[in-house]
Amino acid sequence: MSRLSSRRLRLDLDSFHRNRYDRIRSQFQLLLEVEFDLESRLGEAGGYLARDLWSSFFDSSVETTSDRSDFAPPLRRFADLVFDSLSKSEEFANLRDLCRGSTFAAIEATDSASTFVKSLALPELRSEDERDTTTATGENGDSLSVSKSRDGKTVEVKQSRSGVERQSSKEFDSVEEANDFAQKVLLQAESRGFSNFVDGYRDTGFESRLSEVLDNLENSPTDRALFDAALRAELRETFEQVEEKVALLATTFGDEEAERIFSEPTKEDLDLFFSLSNDRTFRDFVQQVGRFVESIRSSSLPEKVRGSLAVDGIESSKKFSNLLPSERVLLATPALRAYQTSRILSGKALGYRRSEVGSRSSGDFLVALDTSHSMTVANRKWPAPAAFAAAAAIVASEEGRKVSVVTFSTSVEEVEFDSESSTGRAEFLRRMLAVKPSGGTDFRPVVERADSLAPFSDLLFVSDGDGPLDEERTREVFATRSLAYLVIGGPSSTNATLAEVATPDRTIVADSLSSEAVDLVASFTR
């Protein structure tokens, strides 16, 4: 409706609530579509009803009452019927608690409630019956309605005084004459104390037909019970869907990011929600990643899987065992022994800095996923390996690691990983889901990719087969880097050199992604 932006709220909301709703409505097309859909069934009341529903879900302090409404009686009765059923419903209370303060959850709930309203057997609006209408109310409860026909030449006046309704209609030769007459009626009403003038469009025929529907509904306990039950069922389904999405986002993106998405979503966040809602394959994959993430986060690690120590620099040291040769030689000189000892005790002497290779280090973390054709074998349950690799990358990133992800068969392909936002992470998951296994297995390209990592970085191999490998080059690359080797399959699928480089503590051979595999990844990422 062209005048929707200038209408008053049906609810007695303060300026803060009005401005908040208008801002949300302007930002998110879905809420605007809900208004238009409801207007297609209820005329001007649709926009008000959408606003009331969203406000009621978002803020539990907002009362859903139409006592001060300027609606025609049938529309007011219908709105009250909807909100009366809502207020008596435990499902509404639960859904409102879930939606409180959450912009997107409230939009989802409003969309669901509007879907219920549109599904009702309401009379159809007839555009030919639309009239440009101005309504007003008096302090004593009297009401006035001035309507102009579609051609603008007929003016209909309805008045209600002390419960007695009167109606009159006049035809004019021109639109100008009709407008002048309507304006005089409104000025007279204002001089008699009428206020709250509201412009809008009304379908008077629709209102009378709606009255008949409401009479039948209110007079039939069975129909009313069915109405309430259908609304509760819609709310219950919506609650389950919203709760599932909250849990899904929390396990995949973390509690803080999930809360931000639901409270202040961006357009990109909405795109993610539509994907989760409409693309079952993507939703199932994200859920699978979320389960692996939760398993890795909650993995119990009775013992830290340790890597070897290696020199990675020079630092001041108080340990005699770490001293540089140039510092030790001073201790062999009697004249300098006391002086050198005091330097060591005060931490001014120079010594080697040794760091642990791998095992929960703070270095780079590379995930390498085998995408050879054999990974499609039934017992691999693809795309579970891809979900597992994605989960390992997500958890490592949350621990502050610089994460890279590659897929390999006979060559290496980089998978862009952006962990800074839900949008980037969702795009990463889409890319991982799109990976299709093909070709053979060659470890040489991925070993060369590992060589680009800084010393003391970690590499997670997820593979199910053997392939060409340069043993000498592999040992050289992993001399200062740590390898975790996850073999999906049996011993025959294991590369002996990789297993030896990784050591037995960091090599897992399993028919599936077992708890041992989860613990292995957790030892490197947590």
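Colleague: How many helices and strands does the chain have?
Modeller: This is a predicted model. Its secondary structure is counted in helices and strands, numbered from the N terminus. The count for the chain is 20 helices and 13 strands.

Colleague: What share of the residues in the chain is buried?
Modeller: A residue is called buried when its relative accessible area is under 20%. The chain has 526 residues, and the buried part of them comes to 52%.

Colleague: What share of the contacts with a separation of 6 or more joins residues 24 or more positions apart?
Modeller: A contact here means heavy atoms within 4.5 Å. Among contacts in the chain with a separation of 6 or more, the share from residues 24 or more positions apart is 73%.

Colleague: Is serine 114 buried or exposed?
Modeller: Serine 114 sits in helix H6, which covers residues 103-119. Its relative accessible area is 0%. Because the limit for this class is under 20%, serine 114 counts as buried.

Colleague: Which residues is serine 114 in contact with, leaving aside its neighbours within four places in sequence?
Modeller: Contact requires heavy atoms within 4.5 Å. With the neighbours within four places set aside, the partners of serine 114 are Val34 and Leu38.

Colleague: How far apart in space are arginine 209 and proline 123?
Modeller: Arginine 209 belongs to helix H8, residues 204-219. At 18% relative accessibility, arginine 209 is classed as buried. In sequence, arginine 209 and proline 123 are 86 residues apart. From C-alpha to C-alpha, their distance in space is 6.4 Å.

Colleague: Which residues form a negative surface patch?
Modeller: Glutamate 177, a member of the patch, lies in helix H7, residues 175-191. Its relative accessibility of 39% makes glutamate 177 partly exposed. The patch is formed by Asp173, Glu176, Glu177 and Asp180.

Colleague: How many salt bridges does the structure hold?
Modeller: Side chains of opposite charge can pair when their charged atoms come close. The cut-off used for a salt bridge is 4 Å between nitrogen and oxygen. The number in the structure is 19.

Colleague: Which helix holds both glutamate 427 and arginine 430?
Modeller: The side chains of glutamate 427 and arginine 430 form a salt bridge, at 3.6 Å from N to O. Glutamate 427 is partly exposed at 33% relative accessibility, and arginine 430 is partly exposed at 27%. They are three residues apart, about one turn of the helix, and that helix is H16.

Colleague: Where does aspartate 451 lie?
Modeller: Aspartate 451 forms a salt bridge with arginine 473, with the closest N and O atoms 2.7 Å apart. This pair links distant parts of the chain, 22 residues apart, and arginine 473 is in helix H18. At 30% relative accessibility, aspartate 451 is partly exposed. Its place is the loop between helix H17 and strand E11.

Colleague: Which residues do salt bridges that share partners join into one network?
Modeller: Arginine 473 and glutamate 476 meet in a salt bridge of 3.2 Å, N to O. Both are in helix H18, about one turn of the helix apart, and glutamate 476 is exposed at 51% relative accessibility. The network joined through shared partners consists of Glu448, Asp451, Arg473, Glu476 and Arg481.

Methods: Residues are numbered from 1 along each chain as its sequence is written. This is a predicted model: local features need pLDDT of at least 70, side-chain atom pairs count only at pLDDT 80 or more; totals for chains, interfaces and linings use all residues. Side-chain values use heavy atoms; hydrogens and water are left out. Patches are made of residues with over 30% relative accessible area and no salt bridge: like charges are joined within 9 Å, nonpolar side chains (Val, Leu, Ile, Met, Phe, Trp, Tyr) within 5 Å. Accessible areas come from the Shrake-Rupley method with a 1.4 Å probe; for residues, only the protein chains shown count as cover. Lys and Arg count as positive and Asp and Glu as negative; His and the chain ends are not counted. The place of a charge is taken as NZ of Lys, CZ of Arg, CG of Asp or CD of Glu. Helices (H or I, at least four residues) and strands (E, at least two) are DSSP runs, numbered from the N terminus. Buried means under 20% relative accessible area, exposed over 50%, partly exposed in between (1.4 Å probe, protein chains only).
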